[in-house]
Amino acid sequence: MTKWKIPLFKIHWNKDDVNSVATIIKKGMYWATGPEIIEFENKISNYIGRKYSVTFNSGTSALHASLLSHKIERGNEIIVPSFSFISTANAPLFVGAKPIFADIEEQTFGLDPEDVKEKINNRTKAIIPVHYGGSPCLIRELKEIAEDYNLILIEDCAEAFGAKIKNMQVGTFGDSSMFSFCANKVISTGEGGAITTDSKKTYEKLKLLRSHGRDENSNYFSSTKQMDYVSLGFNYRLSNITASLGISQINKVDEIIEMRRKRAAYMTSKMHEIKEVITPISLDAYFNVYQLYSIRVNAKLRDKLSKYLAEAGIMTK
């Protein structure tokens with residue numbers, strides 16, 4: 001394994017993160033399910049500004065469950081960006097639907113609304129826009145298209161926890177919205193994800209999907225009550241240990257975002273005069289949390305630059 005002088009990322013942590021996990025472990029119970037899961041979900045809802053949150057063991061699991069909760073199925077077409085992590089395109093395939101790739105625009109690297117309209121037909125059921133790298137995409141325009149064509153809008157906010165347009169957080173525009181807490185994200189639980197929504201029906205369906213279709217009226221591991229299995233479901237739960245870490249992380253999310261933005265500003269100040277490099281564009285009223293700092297260079301130069309940096313011990317991807 002290469003020992004990088006500057007790795008792709010480092011996770012921001014402090015003693016509060018260590019203590020939060022240690023506290024749960026020392027209890028000797030509630031490692032899998034427990035009150036910290038509910039507390040973490042409530043904190044997500046309050047921060048994003050939605051009525052409901054359901055946590056999952058990954059953003060990919062969350063996105064899969066979201067499509068199922070909206071009854072997306074075989075024969076449906078789902079418009080996704082041609083530029084994203086593979087999960088965005090895989091999720092429609094998980095439920096038998098067909099991902100339809102639309103182009104991205106050059107400002108935010110999100111779905112191009114004009115190309116999205118070109119891809120809509122009578123089989124289109126939903127649009128999954130991605131807020132790439134911590135920048136809001138043109139979500140207001142995409143929401144308008146979804147409403148005009150009566151389509152489901154599922155925001156992929158995996159890389160954009162805390163990003164916003166004016167005072168509107170990403171994750172509040174769609175019918176449902178997915179967040180990821182994987183290792184390199186804005187806040188991290190190692191692995192983890194969540195769906196936010198204002199729909200109680202969707203919320204209840206998501207809870208069944210993440211835990212074997214079990215209608216839970218109490219903690220499964222500390223109750224003798226009979227519980228019904230009322231639908232098909234999966235083992236997609238976030239553990240109570242990781243939820244406790246999520247609580248500690250979200251408590252300092254504004255501090256983490258401020259650090260990211262300062263580092264991004266420093267990078268831009270050093271690179272914006274290099275004519276071969278295009279630094280990230282900041283649109284008016286768009287609040288970028290810089291989960292990634294992505295530059296653009298000529299295609300012929302890109303791989304050479306990546307190799308040069310790697311030889312210097314600096315990782316890019």
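The protein has 10 helices and 12 strands, in a model that is predicted. With 317 residues, a compact globule would have a radius of gyration near 20 Å, and the value of 20 Å computed for the protein agrees with this. Taken along the principal axes, the box filled by the C-alpha atoms is roughly 70 × 55 × 40 Å. Of the 317 residues, 48% count as buried, and among contacts between residues at least 6 apart in sequence, 65% join residues at least 24 apart.

**Second largest pocket**

- The volume of the second largest pocket is about 590 Å³, and of the 25 residues that line this pocket, the closest to its centre are I38, E41, K207, R210 and E216.
- Two or more residues of the lining come from each of the elements α2 (35–48), β1 (52–56), α7 (200–210) and β10 (214–215).
- By class, the lining of the second largest pocket divides into seven nonpolar, nine polar and nine charged residues.

**Helix α7 and its surroundings**

- Within α7, which is one of the elements that contribute to the pocket lining, the residues T202, Y203, L206, L208, L209 and R210 are buried.
- These buried residues of α7 pack against α2, β1, α3, β8 (176–180), β9 (193–197) and β10, and R210, one of the buried residues, is also listed among those closest to the centre of the second largest pocket.
- Just after α7, H212 takes a positive phi of about 65 degrees.

**Enclosed cavities**

- A search of the whole structure finds two cavities of 30 Å³ or more.
- The largest cavity has a volume of about 160 Å³, and of the 16 residues that line this cavity, Q107, F109, P280, I281 and S294 are the closest to its centre.
- Seven nonpolar, seven polar and two charged residues make up the lining of the largest cavity.
- The second largest cavity holds about 40 Å³ of space and is lined by S135, P136, I281, S282, L283, Y286, N288 and Y290.
- The lining of the second largest cavity divides into five nonpolar residues, three polar residues and no charged residues.

- The C-alpha atoms of P136 and T108 are separated by 7.0 Å, although the two residues are 28 residues apart along the chain.

**N76, a buried loop residue**

- N76 has its place in the loop between α3 (59–69) and β2 (77–81), and N76 counts as buried because its relative accessibility is 14%.
- A polar atom of the N76 side chain lies 2.8 Å from the backbone nitrogen of E73.
- Apart from neighbours within four places in sequence, the residues in contact with N76 are K71, A97, K98, R123 and K125.

**Positive phi in loops**

- Y30, which lies in the loop between α1 (15–27) and α2, has a positive phi of about 60 degrees although Y30 is not a glycine.
- The relative accessibility of Y30 is 31%, so this residue counts as partly exposed.
- A285, in the loop between α9 (253–271) and β12 (286–287), has a phi near 70 degrees, a positive value in a residue other than glycine.
- At 40% relative accessibility, A285 counts as partly exposed.

How values were computed. Residues are numbered from 1 along each chain as its sequence is written. This is a predicted model: local features need pLDDT of at least 70, side-chain atom pairs count only at pLDDT 80 or more; totals for chains, interfaces and linings use all residues. Side-chain values use heavy atoms; hydrogens and water are left out. On a 1 Å grid over the protein atoms alone, a cavity is a set of points where a 1.4 Å probe fits but cannot get out, and a pocket is an open set with protein on both sides within 12 Å along at least five of seven lines; lining residues have an atom within 4 Å of a point. Grid points are joined across faces, edges and corners, and a volume is the space filled by probe spheres set on the points. Helices (H or I, at least four residues) and strands (E, at least two) are DSSP runs, numbered from the N terminus. Ala, Val, Leu, Ile, Met, Phe, Trp, Tyr, Cys and Pro count as nonpolar, Asp, Glu, Lys and Arg as charged, and the others, Gly among them, as polar. Buried means under 20% relative accessible area, exposed over 50%, partly exposed in between (1.4 Å probe, protein chains only). A polar contact is a pair of N or O atoms within 3.5 Å; within protein, one must be able to donate a hydrogen and the other to accept it, and residues adjacent in sequence count only if both atoms are side-chain atoms. Contact means heavy atoms within 4.5 Å. The radius of gyration is taken over C-alpha atoms; the globule rule is 2.2 Å times the number of residues to the power 0.38.
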